[in-house]
Amino acid sequence: MPQDIFDKIMTLAKRRGFIYPSFEIYGGVAGFYDYGPLGAQLKNNIENLWRKYYLLKDNCIEINTPTVTLYEVLKASGHTNEFTDLTVDCKKCKQSFKLEGLVEKGDPEKEAKEGKVKCPNCGEILKNPYPVNLMFSTKIGVGNTRDAFLRPETAQGIFTNFHLLYRYAREKLPFGVVQIGKGYRNEISPRQGIIRQREFNMAEAEVFFDPKDKSHPDFDSVKNKTLFLFDNKKEMKFSVEKAVKQGVVNNQALAYYMCLTQEFLLDVGIDPEKFRFRKHGDDELAHYATECWDAELYSERFGWVECVGIADRSAYDIKSHIESSGNDMYALRKFDEPKTVNVKKVVADMGKLGPLFKNKAGKIKDLLEKIDVKKDKEIILNVDGEKIKIPTDCYKIVETEEKIMGERFVPHVIEPSYGIDRILYMILEHSYSEGKKSDEEYRILKLNPVVAPVKVGIFPLIGDKKLINIAKKLDSDLRTSGISTYYDEGGTIGRRYARMDEIGTPFCITVDHDSINDNAVTVRDRDTTKQDRVKIKEVLSFIMAKISS
RNA sequence: GCGGAUAUGAUCUAGUGGUUAUGAUAUUGGCUUCCCAAGCCAAUCACGCGGGUUCGAAUCCCGCUAUCCGCACCA
């Protein structure tokens, strides 16, 4: 069986310390992977570059919230319902179906119990639907517990803090909040290695906008850049500006973050030829989204894989949390000048209401203050199903002037959501190249120096004490200056280069006998194998310049 | 979750109901080596897990787990 690129990468990743299957000594569990020493560094580098784009370039703020998430939060967000699918298996043809997809009207569960659901494949009657919930559930505490789930996305941690973050942002929109962390999904059958995990790393940004103004302050700086778009039929190239003007992308904000995403992915080492944005059809939108573009990356093994979703979640989440928590999470759209309005208010006279209605008086007061009361008109309130006449002397109608500073609204959210593990895999796949050297398989990971876990390999040409001393000193100096290195004096020089090529180290420095006299070393470039003679004093700035460009 | 196939060092692999289980690559140490996996010597490392059959199981049987291929599902 010839290995395909996925096998080759996973083999290399395990052998060299990028990725290990989790719990392997106990047989392993599908959907869980460990990052080894190089994988962890690679992941850090990807995340830190991501931070440069979102925290520095786009000026977002970063927070960090628990992965264990209270039941109520995910109930409000719709995840407890939307992530529970009733599934039925056909005994005859051995296929399984999502029950909801088979029953158009009525209660699907009831229809199934009554034997009214037939297999669309073979016509057999389908029975015994069972729920499949994609969230890991847990309990908080012992004894008197509260229900919780491991979060399926980091976003809810941001939404539930919106009112605090809005104040932190000094009540100005738009502003963005990001979180990098773990998400969990109890996938029925994860089979695509690191592409589909049960515990995975995500980087999400929730950018809050006034729904009446989804323009982005930096839009002008990106408007002439080209987006690679795919509308499920053909691939197209549009400028950011044109995509919005022609309505291909609904608003500036979406288009801006698509552009930011594209630049990040190309910067991090994704092959531009294997990149596109694909728009979700109406039938595939998540329950919270009104428009969604996926950044898809092409894998030789898996085809086009969605690695970033950029969704317009509209007001969905914050509105849900306002409704179910009762918290004030509105934003305020300030008027240019405060408006003065005459307001009629009903003021209940508790001195009369109390003795008259006893324990119902409180409820009556609340109701009175809500309804639109007109003077001299009899009021009949419906209190817990009982109709009660309210005498006119029990309340007063007061007219006051109020200043209104602005109008309250629920902000809209644009959400770029990145699957870090998928991106990491795609970087490996797109960077992988192989050939032969001395009749042996030769592999190079052409990682972008920005993300490469090791930036520089340092070797004494031969095991001579004098060379070793110079090399070790240089190694230590570079690491002290923040450049990750790998010191190696074992084996032939070619073997050492090969080891570094295989883990994607962009530069190798060799100390030879001339170094003793001329205080210079050779710096070898991974992709060209060309060498530069560089003064030891200047090595740091030489490498720095290459790494940051 | 269903059907089929598979499981031997880090990697690829040979193997048979019967001593101490191949070979290669890699790794480690030594010798040699002045720029791209050279050579020589030595060393470390494996039968997925659990049960059964048997005098004896890595080999045969069953279960589990994982992986691969279909189906189904799916940010």
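Helices, of at least four residues, and strands, of at least two, are DSSP runs numbered from the N terminus. In these terms, proline 174 sits in the loop that links helix H7 (162-168) and strand E10 (175-184). The peptide bond leading from leucine 173 into proline 174 is cis, and its omega is near -5°. The structure described here is a predicted model.

Confidence was considered at the level of the chain and of its elements. Chain A has a mean pLDDT of 87, and 88% of its residues reach 70 or more. Among the elements of chain A, the highest mean pLDDT, 97, belongs to strand E3 (residues 61-62), while E6 has the lowest, 58. The loop that leads from helix H2 (37-57) to E3 contains asparagine 59. The phi angle of asparagine 59 is near 60°, which is a positive value in a residue other than glycine.

Of the atoms of RNA strand B that come within 4 Å of the protein, 53% belong to sugar and phosphate. By class, the surface near RNA strand B is made up of 18 charged, 16 polar and eleven nonpolar residues.

For arginine 185, a polar side-chain atom lies 3.1 Å from a sugar or linking oxygen of RNA strand B. A polar side-chain atom of glutamate 306 is found 3.4 Å from a sugar or linking oxygen of RNA strand B. In the case of threonine 522, an N or O atom of the side chain is 2.7 Å from a base nitrogen of RNA strand B. Two or more residues of the surface near RNA strand B are given by each of helix H1 (5-16), strand E6 (96-98), strand E23 (440-445), helix H16 (493-502) and strand E27 (520-525). H16 supplies the largest share of this surface, with six residues.

Strand E27 also belongs to an open sheet of five strands, arranged in the order E25-E24-E26-E27-E28 with mixed pairing. Strand E25 (485-487) and E28 are the edge strands, each pairing on one side only. On average, neighbouring strands of this sheet are turned by 25° against each other, direction ignored. Strand E26 (residues 507-511) pairs with E27 in the antiparallel sense over four bridges, and cysteine 508 stands opposite arginine 524 in E27. The pairing of E27 with strand E28 (residues 531-535) is antiparallel and extends over five bridges. Here, the bridge partner of arginine 524 is glutamine 531 in E28. The hairpin of E27 and E28 has five residues between the strands, and threonine 529 takes a positive phi near 60° in this hairpin. Helix H15 (residues 465-480) lies across strand E24 (456-460), E25, E26 and E27, and runs at about 160° to E24.

An open sheet of three strands was also found, with the order E4-E9-E8 and antiparallel pairing. Its edge strands are strand E4 (68-70) and strand E8 (137-140), each of which pairs on one side only. Neighbouring strands of this sheet are turned by 45° against each other on average, direction ignored. E4 and strand E9 (residues 146-150) run antiparallel and are joined by three bridges. Leucine 70 has alanine 148 in E9 as its bridge partner.

Key
Residues are numbered from 1 along each chain as its sequence is written. Chains are lettered from A and ligands numbered from 1 in the order in which they are written. This is a predicted model: local features need pLDDT of at least 70, side-chain atom pairs count only at pLDDT 80 or more; totals for chains, interfaces and linings use all residues. Side-chain values use heavy atoms; hydrogens and water are left out. A residue is near a molecule or strand if one of its heavy atoms lies within 4 Å of it. A polar contact is a pair of N or O atoms within 3.5 Å; within protein, one must be able to donate a hydrogen and the other to accept it, and residues adjacent in sequence count only if both atoms are side-chain atoms. Ala, Val, Leu, Ile, Met, Phe, Trp, Tyr, Cys and Pro count as nonpolar, Asp, Glu, Lys and Arg as charged, and the others, Gly among them, as polar. pLDDT is the predictor's confidence in each residue, from 0 to 100. Two strands pair if DSSP finds at least two bridges between them. Axes are lines fitted to C-alpha atoms, for helices over the stretch in contact, and angles run from 0 to 180 degrees between N-to-C directions. Contact means heavy atoms within 4.5 Å.
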